[in-house]
Amino acid sequence: MTAQHPLALGIHDLAIATGHHVLDLDDLAAANGVDPAKYHVGIGQDAFSVPAPDEDIVTMGATAAKEVLDRHGVEGIRTVLFATESGVDQSKAAGVYVHGLLGLPRNVRVVELKQACYGGTAAVQMALGIIARDPSERVLVIAADVARYDVETAAEPTQGAGAVAMLIAADPDLIELEPQSGLFTADVDDFWRPNDRSTALVDGRLSVTAYVDAFIGAWDDLADRGGPGIEAIDRFVHHQPFTKMAIKAHRKLAQHVDVPFEETELAVGFTYNRQTGNTYTASLWIALGALLDLDDDLAGARIGMFSYGSGSVGELMTGIVRPDHQQHRRTGRVHEMLAARVPLSVEAYRELHAAGAATSEDVERPRVTTAPFRFAGVSGGARHYEATGA
Ligand code: CAA
C-alpha cells in the first residue's frame, strides 16, 4: 500500500553516533551484587555508552550530522531542529553550536525541542510540515541525549548516550512517512529532571504502565483515524529506555488487538540499543537505524514506530520503506563504532559520572575523544567546542 500524500516525504538519511566509552553490564552487575541475567534478560540490556569528559550532546549530535552532510551537502537546509532532554544550556539551543561546528550557512533557523524522549519525533513532525510547504527544503533533525540517573539506583543500568541525525526531505531514499499518526498525552509523574539536578528521577514501575498506556492510546487514535490494521504493519520499532519495555508494551498491544506475539519479532530493532543504553530522544531512531541496516527483507515494508516521552506524550507513526533503500545501506558502520568504544571499569565510570554535570564555572576538559568534535571546556562566559581533525 502507498501513502496518501501526493508527494513522498520522509527520512532521506539517518546516521548514528555514541559516546567514547562503554560500561559492560556484567561489570556493573558484579559491582552491585546482582545476577547479570537480571540486566541481560530481565531488562534486556548488555552495556551502555558513557561520554568522555570532552563529549556531550553537542559533540555526539555534530558527529552524526557531519556524516549526513558529508553524504548530502547543505543544499536546501534552512532548518536545524535539535531534540534533547539533557540540554547543556537553559537558553541557547545546542543546535547553534552544531551549526557553528559544521559551518552551516547563516540563512538557517535553529531551535531546541523538549518533551522528554518524545522530542525527536516532534522534530520529525515539524520537519515534515516545513517540507510539505516547500519540498525544495530539507530539514536536519538531530536527537541527542545522555541518560544519567544516580549511581546505585534501580535505574543505573538503564543509562546510556547517543545521537541520531536525520535528513527529512521529499522523495526520500529510506522511508516515506505516512501522514496519519496516533497521538496520546496524559499528565503523569513517571520521570522528571528538575532544574537543580543533572540526573533524572524516575519512578520505574510507573513509567512502565505510563508507557504501555500511551502505546495502546496512540494505537487506538491511529485506528480511529483510519490507520493501518495490525496485519498491514510488517515491523515495529519502539522507544527503548530498556528493550524489555518494548516487549512489555508490544505484548499488551497483541492482546489488545488479539494477535499472537513472539518476542523475537522485535529483536533486530534491539540490536544497537542493547549496546548504547537509553539515548532518550534518539532511542526510537537508533532502533529504526538497526532495522534498516540489519533486516534484509524490508523493501516496501510498513514499519510502525512508537515514540514515548515520559510525563507523558506518545505517538505512533508509520512509514513505508523505499524499494531501493538497500542501495543506501551502511552495514557494519555502527557495529564498528560500538566495538571501538573504550571500556571503563565501574570505578572509572563512577568517577566520570560524578564529574558529568554541566557547569558555568571555568573548566578545561582533557583531550580524550577520538570523534570529529570535542567540548574543550568553559571559559570567558561561554562553552567552547572544536573540531579534532579526526
Ligand atoms: N534473571 C532474569 N530476570 C530477572 C532476574 C534474573 N536473575 N532478576 C530479576 N529479573 C527480572 C524481573 O523479574 C523483572 O522482570 P519483569 O519486569 O518482566 O517482571 C526485571 O528483571 C526487572 O526486575 P525489577 O523490576 O526487580 O528491577 P528493578 O526494581 O531493579 O528496576 C526498572 C527495573 C524499573 C526497569 C529500573 O531499571 C528503572 O527504573 N529503569 C528506568 C526506567 C525508565 O527508563 N523509565 C523511563 C521510561 S521512558 C524514558 O526513556 C524516559 C523518558 O521519556 C525520559
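Modeller: A charge sits over a ring if NZ of Lys or CZ of Arg is within 6 Å of the ring centre and within 35 degrees of the ring normal. The model is predicted: local features need pLDDT of at least 70, side-chain atom pairs pLDDT 80 or more, while totals for chains, interfaces and linings use all residues. Residues are numbered from 1 along each chain as its sequence is written, and side-chain values use heavy atoms, without hydrogens or water.

Biologist: Which residue lies over the face of Phe 375?

Modeller: The distance to the ring centre is 4.2 Å. The residue over the face of Phe 375 is Arg 383.

Biologist: What is the angle between the planes of Phe 191 and Tyr 280?

Modeller: Rings of Phe, Tyr and Trp (its six-membered ring) pair if their centres lie within 6.5 Å; planes under 30 degrees apart are stacked, over 60 edge-to-face, the rest tilted. The structure holds ten such aromatic pairs. Phe 191 and Tyr 280 form an edge-to-face pair, 5.7 Å centre to centre, with a plane angle of 90°.

Biologist: Are Phe 191 and Tyr 280 buried or exposed?

Modeller: Buried means under 20% relative accessible area, exposed over 50%, partly exposed in between (1.4 Å probe, protein chains only). By that rule both Phe 191 and Tyr 280 are buried.

Biologist: How many residues apart in sequence are the parts tied together by Phe 215 and Phe 236?

Modeller: This pair is edge-to-face, at 6.4 Å and 85°. Helices (H or I, at least four residues) and strands (E, at least two) are DSSP runs, numbered from the N terminus. Phe 215 lies in helix α6 and Phe 236 in strand β11, so the separation is 21 residues.
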